[in-house]
Amino acid sequence: MHNNRSVFSRLLVAALTGALLSHSAVASPGAHGPNGEHLDAPSTGAATGLARLPDGSVNVPKQAQRRMAIRTVMAMEGQHPMTVELNGRIGIDPNAGGRVQAPFSGRIEPGPKGLPVSGQRVEKGQVLVRISPAASAIERGNQQAQLADIRANRKLAEQRVKRLQSLEGTVPQKEIEAARAELASLTGRERAVFTSVGGNEAVTASASGVIASANVLSGQIVEARDVLFEIVDPRRMVVDAVTTDASLASKIDKASLAGISNVELRLLGGGLSLRDGALPLTFRASANNAPLAIGQPVTVVAALKEKIKGIALPAEAVVRNPNNESIVWIKSGAERFIAQPVEFKPLDAKTVVVTKGLAPENRVVVSGTALINQIR
């Protein structure tokens with residue numbers, strides 16, 4: 001009889017222990033909503049592999065969690081700066097880059113190092129191309145006639161200077177000086193007209209940097225003020241953003257680019273004149289090997305001096321459910337995860353602040369969220 005009681009006691013203890021373990025696997029103290037309500041519900045049906053349960057939660061075995069690199073953090077509430085998103089575009093920093101334009105109409109000729117191409121580094125003052133003036137037949141004929149006349153007068157002036165210099169001491173010095181001045185004037189006019197007729201002019205780089213765009217080919221005819229090259233310093237660019245809030249510039253504390261890291265933005269100022277119905281904001285971008293290109297559209301995440309209460313999470317922790325609602329996944333048991341709808345605001349390029357729907361001390365999935373969301 002005594003042995004039967006011992007066996008019965010051991011079986012009862014084992015049954016109670018199994019029930020407690022089963023219940024703890026389904027629910028945990030951290031799986032609760034923002035108002036303290038329990039999010040856990042007893043799962044209907046047993047799942048031994050990757051599966052979405054009838055109540056919407058998912059079952060992920062431990063081995064699968066390791067393969068999917070799932071990582072969770074304890075949600076902590078705090079004060080965070082409010083943010084706004086602004087549409088912007090990458091531009092050339094006027095103090096670190098520039099444009100090279102054609103000074104007059106003419107034909108493109110390669111410089112001493114050939115024609116520069118996009119991505120090539122150049123130095124300020126470097127000869128990029130040479131331009132031979134292009135003129136109509138009538139203009140060229142008139143210039144050639146003028147050049148011939150100037151050359152003839154220059155030769156006469158040279159002879160006169162030589163004759164007066166041979167008579168130096170017997171003729172007034174002012175006549176010799178006047179003849180020399182006339183010769184210098186004719187020489188300069190001849191050089192200028194010759195350049196316009198058959199010479200060429202060197203076009204140099206306006207700044208040191210990298211060729212962002214090259215719009216020339218050998219022999220190409222360009223018009224005056226045509227943009228030949230754009231030069232940019234990859235480490236110094238500007239971001240031109242727009243806003244309809246005239247007071248926003250005074251509220252911005254710091255800013256970053258959404259989805260692009262290693263870029264520091266510093267607000268230079270905000271415009272006071274509407275442009276296409278909005279006010280421009282200019283940021284200086286200090287890029288460190290960031291993939292930025294002139295004209296590239298970007299989203300500026302501006303952190304304001306005002307604070308907002310919420311839970312900061314990595315941006316990848318928030319995903320969309322089939323109803324296109326923003327959700328996070330909460331770990332409620334060893335292998336069970338629950339989807340929780342939330343509202344959030346961007347904090348910076350990699351972080352968001354959940355303002356509604358999530359309570360502190362929940363274990364939130366921050367890595368592998370997209371993989372869990374795909375389990376069906």
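A pocket is taken here as an open set of grid points where a 1.4 Å probe fits, with protein on both sides within 12 Å along at least five of seven lines, and its volume is the space filled by probe spheres set on those points. In the structure described here, which is a predicted model, the second largest pocket holds about 190 Å³ of space. Its lining is made up of Pro81, Lys254, Ala255, Ser256, Val263, Leu265, Val301, Ala303, Leu347 and Asp348, and these residues divide into 7 nonpolar, 1 polar and 2 charged. Three strands, β14 (252-257), β15 (260-270) and β17 (297-314), each contribute at least two residues to the lining of this pocket, and the largest share, 3 residues, is supplied by β14.

Elsewhere in the model, an open sheet is formed by 4 strands, which follow one another in the order β9-β8-β6-β11 with antiparallel pairing. Because β9 (201-204) and β11 (221-222) each have a single partner strand, they stand at the edges of the sheet, and one side of each is left without a neighbour in it. In general, the strands of a sheet pair through backbone hydrogen bonds, in either a parallel or an antiparallel sense. The pairing of β8 (residues 127-133) with β9 is antiparallel and extends over 4 bridges; in one of the residue pairs concerned, Arg130 has Ala202 of β9 as its bridge partner.

The loop between β7 (121-122) and β8 contains Gln126. This residue has a relative accessible area of 16% and is therefore classed as buried, the cut-off for that class being under 20%. When neighbours within four places in sequence are left aside, Gln126 is in contact with Lys113, Val203, Thr204 and Ala205; of these, Val203 and Thr204 fall within the range of β9 (201-204).

Residues up to four places away in sequence not being counted, Val60 touches Leu50, Gln65, Met68, Ile70, Glu335, Phe337 and Ile375.

Conventions. Residues are numbered from 1 along each chain as its sequence is written. This is a predicted model: local features need pLDDT of at least 70, side-chain atom pairs count only at pLDDT 80 or more; totals for chains, interfaces and linings use all residues. Side-chain values use heavy atoms; hydrogens and water are left out. Two strands pair if DSSP finds at least two bridges between them. On a 1 Å grid over the protein atoms alone, a cavity is a set of points where a 1.4 Å probe fits but cannot get out, and a pocket is an open set with protein on both sides within 12 Å along at least five of seven lines; lining residues have an atom within 4 Å of a point. Ala, Val, Leu, Ile, Met, Phe, Trp, Tyr, Cys and Pro count as nonpolar, Asp, Glu, Lys and Arg as charged, and the others, Gly among them, as polar. Buried means under 20% relative accessible area, exposed over 50%, partly exposed in between (1.4 Å probe, protein chains only). Contact means heavy atoms within 4.5 Å.
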